[in-house]
Amino acid sequence: MVKLYDGGVYLVHGTEIVTDAAELAAKTGRAVTPEEGAKGTMAYGILEAHNTSGDMDHLKMRFDSLTSHDITYVGIIQTARASGMKEFPMPYVLTNCHNSLCAVGGTINEDDHMFALSAAHKYGGIYVPTNMAVIHSYNREMMSGCGRMILGSDSHTRYGALGTLSVGEGGGELAKQLVDRTYDVARPGVIAIYLTGSPKLGVGPQDVALSIIGKVYANGYVKNKVMEFVGPGVANLPVEYRNGIDVMTTETTCWSSIWVTDEKTEEYFAVHGRPEAYRKMAPADIAYYDGCVYVDLSAVECTIALPMHPSYTYTIAELKQNAKDILYECQKKANEQITGATLDLVSKVHDGGIWVDQGLVAGCSGGTFDNVCAVADILRGKSCGNGTFKMSVYPGSMPAYIQLMKNGALTDIASAGAIIRECFCGPCFGAGDTPANGEFSIRHTTRNFPNREGSKPGEGQMSGVALMDARSIAATAINGGKLTAATEIDVEYTKPQYFFDKSVYDKRVYNGFGHAEPEHELKMGPNIKDWPEQPALSEDLLLKVVSYITDPVTTTDELIPSGETSSYRSNPLRLAEFALSRKDPAYVGRAKAVHAVEADREQGKALPDEVKAVYAALGKTLAVDPETTVIGSTIYARKPGDGSAREQAASCQRVLGAAANLAREYATKRYRSNCINWGMAPLLIEDETAFELGDWVFVPGIRAAILEGKKSFDAYVVKANGTVTKMAVSTGELTPDERQIIADGCLINYYRNH
């Protein structure tokens with residue numbers, strides 16, 4: 001059972017929820033204001049320790065360490081180099097877990113890995129070789145620590161269960177840290193996630209996580225806030241179970257997470273050879289939270305998140321009771337989101353059950369030691385069958401992999417017919433074990449957005465992904481693919497002890513922090529290109545709407561697809577060819593056409609008749625200066641940016657000539673920050689009917705408005721027939737640095753200029 005409180009709450013002694021100040025005073029004899037009580041949260045103390053501004057309402061933070069993987073680190077290091085970086089000022093972990101099996105031919109993937117190793121030597125970084133560990137598994141094992149803060153260029157940078165407040169952001173924010181700048185943000189609100197009770201046998205961390213996501217995502221209850229896990233139920237969960245819940249907090253759109261720590265946390269750090277990383281963490285005797293999510297762990301059931309979002313949740317029992325109706329509504333909703341192919345889920349209901357074609361347990365959420373051992377317990381002596389159903393298991397790190405070999409878990413899994421894979425994030429982002437067209441996959445991974453499983457609807461390919469816990473996936477496997485909750489089977493969970501041996505890291509991981517080698521040459525493969533020059537924001541701005549998306553939410557995977565397209569991650573112009581390719585295939589051509597007009601304008605060439613007509617219409621009532629006005633493209637999406645932290649979702653638009661985004665709201669802070677760091681104004685509008693695809697939007701005085709911090713200013717929509725209408729636009733809150741970054745044209749320009 002998951003319940004949301006309507007307003008803020010006080011937490012007394014870490015166990016008792018009090019809903020108002022009068023009740024608090026009666027119970028404790030103390031009058032505590034919300035402002036004072038907010039200082040009692042764990043989050044407040046960690047933020048205060050990392051803030052350099054002296055103003056807790058306007059944070060300027062420095063992190064303890066950074067982390068990136070091979071989709072993002074080349075662009076970050078290239079940005080920091082161009083901005084004047086000489087060496088890494090803090091530990092920076094470079095893992096190679098995202099694209100190692102996603103080559104499209106040639107040497108480009110391994111070229112990026114060799115770039116990272118050379119950068120680790122040159123600038124003093126930590127290089128984790130290919131398939132050695134998933135990014136978040138390594139950081140849990142080797143970099144987390146109670147009270148620390150880690151910034152990662154992956155949205156699932158979450159180590160809160162280990163007392164580490166971690167944030168997933170776009171690469172620009174890491175580049176700022178690398179050049180000794182700060183991460184600037186208004187102090188986030190904090191929501192208590194109050195756990196009580198103990199999970200039933202067979203209910204796993206993914207079940208708990210999905211139950212929470214299903215309650216809080218749609219209403220934005222924890223959006224851009226810290227989820228602080230408290231309550232007596234925490235003590236009833238093993239640390240890896242907590243990690244499994246924690247990593248999924250990203251799918252709620254929260255900003256970060258933190259948990260109370262205890263003797264189990266202490267033991268985790270001791271086992272991993274880092275006892276000094278532990279300290280007791282708990283809220284003060286009285287702490288105030290902006291809201292509360294009450295979770296009775298004993299009432300959580302085996303749960304499934306249907307395509308195409310982790311919040312589309314049902315208990316497996318209720319899905320099976322009304323399978324055809326629920327799956328029909330799910331596929332109807334999915335088919336409204338996608339074009340070029342059709343998802344068919346209803347056909348999976350036959351022969352007395354719901355039948356799936358594939359099961360995967362993988363990565364930072366699924367591939368933990370405890371999860372894989374539970375899978376082995378269920379599969380031991382059984383068979384996955386020789387039908388269409390197939391199963392793969394991806395352990396999260398080589399130390400875990402080695403221990404799973406030693407205790408026989410991998411033998412039991414392989415003997416049942418499942419395949420043991422390497423430490424790789426592929427199934428989470430559409431680059432590993434892609435199902436066949438029309439198949440239905442169940443996965444203990446992080447996301448089931450469109451295309452995250454690797455299909456290409458624009459080319460007629462469509463498969464569906466549901467998220468489930470590893471235990472229920474294994475239960476389904478021994479039933480040959482018939483959807484089965486782990487609570488429906490009889491199994492003895494052995495819960496073998498974990499022994500961590502980091503010797504494989506000692507032998508293979510290069511740790512150069514504090515030992516930069518400035519003369520070491522960077523290895524630049526032919527696909528690694530510098531960022532193209534970007535223009536500063538002109539006084540006025542003329543935009544053409546080249547994509548118009550009215551879906552409730554537009555994910556970063558729709559803005560720039562993951563999977564094999566990410567092989568070109570280090571070549572900005574080539575990667576940009578894939579922008580919106582699975583959502584709006586004509587976008588790139590339209591954007592390029594506008595970009596060509598701007599290139600001609602910069603060279604003093606005559607404007608095309610279409611643009612002359614736009615200026616003629618505007619000139620009837622406004623002063624315009626076509627010679628000095630930058631012409632850019634823009635996309636409109638109601639709520640863009642849910643999902644990945646990959647900055648390419650914004651940078652691909654920018655290198656194609658985009659100068660702004662238009663939106664009703666931005667799904668995540670990280671996507672909005674990516675737009676800002678790439679010099680695109682994150683414009684907000686109220687009335688999406690004021691313009692349409694192909695219209696022009698003129699924003700006079702935009703540079704001054706942004707630099708002066710105006711809350712709202714005017715824009716003018718020019719239709720093809722020459723009519724001009726006025727509409728209000730705004731940027732929302734911007735820090736002084738963010739305003740200047742947009743004015744300068746991008747983060748690189750900002751550092752060059754200042």
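1. Buried here means under 20% relative accessible area, exposed over 50%, and partly exposed in between (1.4 Å probe, protein chains only). Phe-229 counts as buried, at 1% relative accessibility. Trp-259 is buried too, with a relative accessible area of 0%.

2. This is a predicted model: local features need pLDDT of at least 70, side-chain atom pairs count only at pLDDT 80 or more, and totals for chains, interfaces and linings use all residues. Residues are numbered from 1 along each chain as its sequence is written, and side-chain values use heavy atoms, with hydrogens and water left out.

3. Rings of Phe, Tyr and Trp (its six-membered ring) pair if their centres lie within 6.5 Å; planes under 30 degrees apart count as stacked, over 60 as edge-to-face and the rest as tilted. The count comes to 20 aromatic pairs. Phe-229 and Trp-259 are stacked, because their ring centres are 4.0 Å apart and their planes at 5 degrees. Phe-229 sits in strand β12 (residues 226-230) and Trp-259 in strand β13, 30 residues apart. Strands (E, at least two residues) and helices (H or I, at least four) are DSSP runs, numbered from the N terminus.

4. Tyr-548 and Tyr-636 form a tilted pair, 5.1 Å centre to centre with 35 degrees between the planes. Tyr-548 is partly exposed at 26% relative accessibility, whereas Tyr-636 is buried at 0%.

5. Check the backbone as well. Most residues other than glycine have a negative phi, and most peptide bonds are trans. Thr-253 has a positive phi of about 70 degrees, and Asp-433 one of about 55 degrees. A cis peptide bond joins Pro-307 and Met-308, with omega about 5 degrees.
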